[in-house]
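Thanks for coming, everyone. Let's bring up the structure.

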Amino acid sequence: MNTNPQEQFVETLKSQIFELNGFDKSAESFYIPFFYYFENVFDDANFMSTGLLKDSLFQVLREFPHLAGVLQNGESGALEIVVDSSTLNTPEFKETHSNKHFDEVKLADYSQYMLPKGANTTDAYLRGGPGKVDKLVSINVIRFKGNSGVAMFISIAHVVMDATGYNWFVIRWAETCKHMFCGDSKAEIPQRTLCNSRRELQKYIPAKNTPLGSIVDHSFIRGGARSKLISRLSHRSRAALFNLIIRASGTENHCYFITHQKLEEHREAAVLAATAKVKLSHNDIVMALIGIAISQSLEPKRPKNALPKAIHLIERKVVNLLFPRPKEFELGMAVDIRPRIDGIRTMGYCGGGAVEQRTLIPRNRMEGTVTASMVSRIASNVRLMTNSVDERYVASFSRAIVAEPDAMFRPLIYGAPPPAKMIVSNHTRLGQYQIDFGWGVPRWVSPLDLTAPNLCFVLPAPPPRDGIMVHIAMPGKIHTRMQQQKFWTEAARLIY
């Protein structure tokens, strides 16, 4: 009997087709790329054994066979993943060695500039596209000098799973590896009820849509020539275009730390300042703070001296004539549908289960001295946006993405013009710091830098810190102005 997990996986895998749906299609061009940093605390010679990591990966792939498939368009034009047992598209797994010691990386606050060239084996975008062989999973184990630690780059095609599914997969891989590492045949791997079937999900999506004209209409932006053109580009051309935009915009990634105490202070003040009774979460508050800080940093402050002030006004009039000042700021966020629909809540669904919702806020409401009342108004908008994602909204979103191929690109192109927009993805409840391959939990977890402009990831702070890490990708000049905002610097500490 063959006991090699990789050979077992190849021998037992059957050819099959996995149908994808509208939720998957909304993310078909992207990867979910993250770095996980593990420290060799006990100076273990076999720390994060590459062989064990690889064996456990192929063991857990038996629960996720579609990750060895190829993204294609079926006969009807619908997206699907084809698993051909004779020509498997097995995940990429490689090991890279760094001349840096883990202590050096830790002192640099885990800046990705400390990693060797090619540490990320994918960027943020798929390049092959349907019918071409993009790896759906790519992993790079970066081993630091003297085996002092490891950074694991794990990138999974977003079309296969969303952030929740991604973390469930990594957690499942880690606990499988830990089980194999312990070598206790009596111990059982924790049982998980995980579902990859899109048909099972569809059973719980209601047939009735939300009527247009409601808050949902904000997310279904009317298309145009630009969104249609981008939807027709190949994945490779689209990736090149997005990367060009990142470079041209001068996008930089900065990481900020906000304590839970500070978030709670803002939340309590905002609730007291609200004109009506409202329940606000820390997510509502952090999105309000980010939106206000960026909106107030879009234009340079006016100088105090008369002559520079006059020159500044002339300059601003010329700029506003060529590039009109955006009157609204757009806050968008990925909203998980799992807790919102009975049946999906407990099925352990690992596919695409998030929808995007957005709200447009007049910028004149975000100007001037930042008060509890201002934060309350913006946070209440975010709460309304989140609460609007109900069963009928989910049905509308799913059908719109399928019916109109350019729908997924409209929020990027239309609505408030960049950089007067920010899409936030909150990962604070996904358990990144519970991942243990057998040698302890990570010291640091962060998204790949420069995934896209106007994008923000909110992650939990690594223990024992009590708070959140806010990773923001924006033009460098806006970061500079944000760091001059008194209310922002009082709330958020720059990490890098």
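First, a term: buried means under 20% relative accessible area, exposed means over 50%, and partly exposed lies in between, with a 1.4 Å probe and protein chains only. This is a predicted model, where local features need pLDDT of at least 70, side-chain atom pairs count only at pLDDT 80 or more, and totals for chains, interfaces and linings use all residues. Residues are numbered from 1 along each chain as its sequence is written, and side-chain values use heavy atoms, with hydrogens and water left out.

Next term. A salt bridge is a side-chain nitrogen of Lys or Arg within 4 Å of a carboxyl oxygen of Asp or Glu. The count here is 18 salt bridges.

Start inside one helix. Helices (H or I, at least four residues) and strands (E, at least two) are DSSP runs, numbered from the N terminus. Glu 264 pairs with Arg 267, N to O at 2.9 Å. They sit three residues apart in helix 9 (residues 260-273), so about one helical turn separates them. Arg 267 is partly exposed at 21%. Glu 264 is partly exposed too, at 24%.

Glu 19 and Arg 199 form a salt bridge at 3.0 Å. Glu 19 is in strand 1 (residues 16-19) and Arg 199 in helix 6 (residues 198-202), so the bridge ties together parts 180 residues apart in sequence. Glu 19 is partly exposed at 44%. Arg 199 is exposed at 59%.

Another pair: Asp 162 and Arg 338, at 2.9 Å. Buried or exposed? Asp 162 is buried at 4%, and Arg 338 is buried at 5%.

Last, a network: salt bridges link Glu 39, Lys 106 and Arg 443.
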